[in-house]
Amino acid sequence: IKNDLNGTLEINGGNFTNSKEGNIQNAYITTINGGNFKNKAGTNHIASVYVGGADAPYSIGETTINDGTFEGGTIIAEGAEAGKASMTVNGGSFNCNFSNSSGKSGYESGVVSINNGSFTIGTWAVLQSIAGFLTEDASITAKARNGFMNMNCEEPIIFNAQEVTLDLNGQTLRYMGSSSDVFEIRSGNVSMSNGKITTTKYNSDADPYGGISVSGNASLTIEDIQMESSSTCFAVADQGSLTIRNSTVKADKYAVTSNATNSEQNITVTMEDSEFSGNTPVLLNIPSTITVDRCTITGETQGMVVRGGNATITDSNITLTIEGSIEDNKFFADYFDTSDWGQGNTVNVAALTIGNKLEGSYQYPTSVSLKGNTTLTVSGEAESLFPVVYAHANSEDGLGVTFNYDGTVKFVGTHEPQCEYGSSNIVVNGEPFTPATEQNFHLISNTEIKSSKKAGRPAGSESGRPPVNLIQ
């Protein structure tokens, strides 16, 4: 159907199938309220076109889709002048691409606005096009079709101020781009479920290292997802909120982390019925509300680091597995005696590390509560060198450490003491702790550390190997 100059077209139902050209070409005003549209030609499916020139008064190229099912081809808006033709999607079911430009000579970009709808994702490019055209108030659902994730992706997806529900439908999304993130959740509420996301390296030309970032006032919910990254899986910033349920998160560095470059942040992290592993699986170093329920956390340098905010850990297992012999690890235990904490996981080695020891930075209080059947463990041949819990507090009043644990909580490890408190301004189960000397604690240099079999020693060690990258 061609709606020509100065024409008004309204479609309320019917079946439309093309074999050579597009189904609908609109030059003036078209409204689609229903119908089944199939494109078998691989060309533009629904096209909104602004002609311009002498015909400009009769060619506004305005198309509105309120409902219907659309399969194949591309829904597009373009014209003789940029920003003239428009395509507004308020509802419907879509298994097709969206574009604001065909790239043909003489055609400029139009305006595509997606407010609502249900989308079947056939390729990564389709998901990118949909995300790019979502309005601030958009509310959509999207589901990957079988076989979709066989196509690798190289550019991140950015969600900004939308309500987005993404079902991966059991598929695997492989990210091979150079950006640090495969998804950037900048605002709005996004949920992802039922599939696998991996950003590990797949070929010599790609070096992905990141995962999913949540910033602004955005909220992200992850459920029934396997997530793998050759660096970091999830990073939360600003006033962002992250919830992970029934998932497995595996990272070379951090499974869940934050960035302390801005102290005016207050994030929320909720972890339920999930497994986390990595060098330091959980590292949160800004004011945070942290809830961990029925989770398993396994690390190689620390199990969990809480460097600010309030953490409640219930019915969970946090394990630090020390690789190597006592001789391999003694350097770290001895090296920690003189230096302040640094960035990233440049803090004491323990299953759970709490608080701060760096004047002028990370100046906020830390509170951690262990409840129920929670077990903290340090294991390995060199386990006696490292405590199960290590805490150090800021010196200023109101910026200290509060540590509480139920009688049902278990600490497993051979270091004496199992829970080591390296400063004053620490309250343990309601009782202030005062060390015999505030110099009797284990500290780390300003170099991110890895387990002894994984990487070189910190800068300044006799090995001379360079340190790995930091996350602040």
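Two strands count as paired if DSSP finds at least two bridges between them, and the strands and helices named here are DSSP runs numbered from the N terminus (strands: E, at least two residues; helices: H or I, at least four). This is a predicted model, where local features need pLDDT of at least 70, side-chain atom pairs count only at pLDDT 80 or more, and totals for chains, interfaces and linings use all residues. Residues are numbered from 1 along each chain as its sequence is written, and side-chain values use heavy atoms, with hydrogens and water left out.

**View 1. Welcome to an open sheet of ten strands.**
Follow the order β15-β18-β20-β22-β25-β28-β31-β34-β37-β40, with parallel pairing. At the edges sit β15 (157–159) and β40 (419–421), each pairing on one side only. On average, neighbouring strands of this sheet are turned by 10° against each other, direction ignored; the axes are lines fitted to C-alpha atoms, for helices over the stretch in contact, and angles run from 0 to 180 degrees between N-to-C directions.

**View 2. Here β15 meets β18 (residues 183–185).**
Three bridges link these two strands in the parallel sense. Look for Phe159, which stands opposite Ile185 in β18. Helix α1 (residues 124–133) packs on the sheet and touches both β15 and β18, its direction making about 30° with that of β15. Contact here means heavy atoms within 4.5 Å.

**View 3. Strand β19 (residues 188–198) has several parallel partners.**
Strand β16 (residues 162–167) is joined to β19 by six bridges, and Val164 stands opposite Val190 in β19. Strand β17 (residues 172–174) pairs with β19 over three bridges; there, Arg174 faces Thr198 as its opposite residue in β19. Nine bridges connect β19 with β21 (residues 219–229), where Asn189 stands opposite Ser219.

**View 4. Step inside the largest nonpolar core, which has 109 residues.**
A nonpolar core is a set of buried Ala, Val, Leu, Ile, Met, Phe, Trp, Tyr and Cys residues joined through side-chain atoms within 4.5 Å; buried means under 20% relative accessible area, exposed over 50%, and partly exposed in between (1.4 Å probe, protein chains only). Phe98, Phe183, Met192 and Phe234 have the most contacts inside this core. Its largest share, six residues, comes from α1. Apart from this core lies another, of seven residues, including Tyr254, Val347, Ala350 and Tyr390.

**View 5. Meet the surroundings of Phe98.**
Leaving aside neighbours within four places in sequence, Phe98 is in contact with Thr74, Ile75, Val89, Val112, Ile114, Phe119, Ser129, Ile130 and Phe133.
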